[in-house]
Amino acid sequence: LSTWDLRFNTLVKGWRHPNLCPIHRVLPFPSSSPWIFATTGQNEVTVWDLVSTSCKILFRVLGGGGSIPLPTLTPLPLPDSTDYALEEQSVLRNIEPSVRAVCPLPGTKAVLTAGGDRRIRLWEMACVSESYIVSGLDTSQARPRYSSFTHNDLTTYEELVQFPVLSSSSTATDRRGPVAPPPNHRDCITDLAVLEHPQRLLISAGRDGVVKVWK
């Protein structure tokens, strides 16, 4: 993560994200403070204060309920050459699933995220228990649990994935006849947008070459 002075095309500061994953998307946080969203691997979205370089908000998915260290940015020395980006790429590691898209819901305290696990999530910061998966939840999987906590000025919102619950009542006869196309994306979701007029709609685009519109 870097900040540049565009007047002189000069790198001012640089930091390395703690999980050493590529940052796929940077977006201003809807606040008067100089905060930004940063989407990375490990199904995480972080919100950083660019002045204090501290993490203010963390959205993450916990597959097994294990403990994951809270993120801190590591300052990097300013380079003497133009090889800065290449040097940084040499230490990156690709981790899937990763979050590729983040979209604040206008007029609310909710945030939409999506990415490599082909799921669209709505994080309700005002009441985290009302968060849910908009698209991509398997029919055999229970609804995830959501919780939040604050520690050292960092608010963390977590999704705890429940283990699949397979139904024994399903038979081959249930699958007879025409099969409707699945409503979910079949590959990584790469972007999200919200359309306000003539009504509020969610638009998602995926690496499967499909754009979907959700009410």
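The largest cavity of this predicted model holds about 40 Å³ of space, where a cavity is a set of points, on a 1 Å grid over the protein atoms alone, at which a 1.4 Å probe fits but cannot get out. The volume is the space filled by probe spheres set on the points, with grid points joined across faces, edges and corners. By this rule, three cavities of 30 Å³ or more are counted. The largest cavity is lined, in the sense of residues with an atom within 4 Å of a point, by Asn43, Glu44, Val45, Phe59, Val61, Val99, Thr113, Arg121 and Trp123. Two or more residues of this lining come from each of β5 (44-49), β6 (54-62) and β10, strands being DSSP runs (E, at least two residues) numbered from the N terminus. By class, the lining of the largest cavity comprises five nonpolar, two polar and two charged residues, with Ala, Val, Leu, Ile, Met, Phe, Trp, Tyr, Cys and Pro counted as nonpolar, Asp, Glu, Lys and Arg as charged, and the others, Gly among them, as polar.

The second largest pocket, a pocket being an open set with protein on both sides within 12 Å along at least five of seven lines, contains about 180 Å³ of space. Both β11 (132-135) and β15 (201-206) give two or more residues to its lining, which includes Tyr132, Val134, Leu201 and Leu202. Nine nonpolar and two charged residues, but no polar ones, make up the lining of this second largest pocket.

Five aromatic pairs are found in the structure, the criterion being that ring centres of Phe, Tyr and Trp (its six-membered ring) lie within 6.5 Å, with planes under 30 degrees apart counted as stacked, over 60 as edge-to-face and the rest as tilted. Phe29 and Trp35 form a tilted pair, at 5.6 Å centre to centre and with 45° between the planes; Phe29 is buried, at a relative accessible area of 12%, the cut-off for buried being under 20% with a 1.4 Å probe and protein chains only. The rings of Trp123 and Tyr146 have centres 5.6 Å apart and planes at 90°, and the pair is therefore edge-to-face. Because Trp123 lies in strand β10 (residues 120-124) and Tyr146 in strand β12 (residues 145-151), this pair ties together parts that are 23 residues apart in sequence.

Residues are numbered from 1 along each chain as its sequence is written, and side-chain values use heavy atoms, with hydrogens and water left out. In this predicted model, local features need pLDDT of at least 70 and side-chain atom pairs count only at pLDDT 80 or more, whereas totals for chains, interfaces and linings use all residues.

Key. Helices (H or I, at least four residues) and strands (E, at least two) are DSSP runs, numbered from the N terminus. Buried means under 20% relative accessible area, exposed over 50%, partly exposed in between (1.4 Å probe, protein chains only).
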